[in-house]
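Subject: Structure for your files

Hello,

Here is the structure I said I would pass on. My notes follow below it.

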Amino acid sequence: SSLATAIFHGAVCFWLPILTMDWISNADGQILGHWWLSSVSFSMLIHVVTYKILLESVYWNPVNLFAVGFSLVFYYLCVIILNLPPVSNLFQPQLHHLFFEMFGNLRFWFIIIMAPFGALLPDLVRTFYQKMFKLTPADFVLAYYKRSKIYQRADLDTSTSMELLSRSTEPVNDVSRQIEVKESTLA
């Protein structure tokens with residue numbers, strides 16, 4: 001399942017820029033070509049991976065949200081520095097002002113903002129389906145801690161977590177009923 005979604009992510013990141021921006025030209029009428037398309041694909045891939053990390057995270061806090069935001073800002077700062085004339089002429093002359101032209105293109109912004117969510121659509125559907133209908137034992141533990149406000153304490157009791165996990169094999173269809181069953185086993 002993870003391999004199939006990774007192949008889907010890669011296919012979307014590769015083919016979407018090619019299909020939507022293949023013959024795009026700059027203000028001088030020059031077709032931008034390979035560097036343009038590969039830069040859009042790679043930037044889109046950075047966004048897909050970053051959003052996938054957020055999707056897979058169970059617990060968000062200011063530190064990991066800052067790290068995600070910082071990684072995107074750092075990527076674009078590096079890209080801007082690499083596109084400056086002295087640096088791009090030193091490493092790769094074809095990158096000279098490439099990203100500055102990309103930042104001025106509406107299709108680029110549409111692809112960078114919207115397309116990663118399209119690429120992550122199978123993951124979103126699977127995650128939300130699992131959270132609504134196929135709860136894991138870890139979901140029961142998280143729900144228990146959130147309902148009882150135990151998760152706010154610094155010294156969480158791991159034996160309670162292990163007891164909840166060991167008793168969470170009973171199949172129940174209604175999600176709220178599942179949580180009530182698990183809470184009643186602790187009483």
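For the notes on composition, Ala, Val, Leu, Ile, Met, Phe, Trp, Tyr, Cys and Pro count as nonpolar, Asp, Glu, Lys and Arg as charged, and the others, Gly among them, as polar. The model is predicted: local features need pLDDT of at least 70 and side-chain atom pairs pLDDT 80 or more, while totals for chains, interfaces and linings use all residues. Residues are numbered from 1 along each chain as its sequence is written, and side-chain values use heavy atoms, without hydrogens and water.

The protein chain has ten helices and zero strands (DSSP runs numbered from the N terminus; helices are H or I with at least four residues, strands E with at least two). Of its 187 residues, 32% are buried (under 20% relative accessible area; exposed is over 50%, partly exposed in between, with a 1.4 Å probe and protein chains only).

The largest pocket has a volume of about 420 Å³. Its lining has 15 residues, and the closest to the centre are Leu-55, Glu-56, Ser-57, Thr-127 and Lys-131. A pocket here is an open set of points on a 1 Å grid over the protein atoms alone where a 1.4 Å probe fits, with protein on both sides within 12 Å along at least five of seven lines; lining residues have an atom within 4 Å of a point. The volume is the space filled by probe spheres set on the points. Helix 7 gives the most to this lining, with six residues. By type, the lining divides into nine nonpolar, three polar and three charged residues.

Leu-45 lies in helix 2 and is partly exposed, at 33% relative accessible area.

Regards
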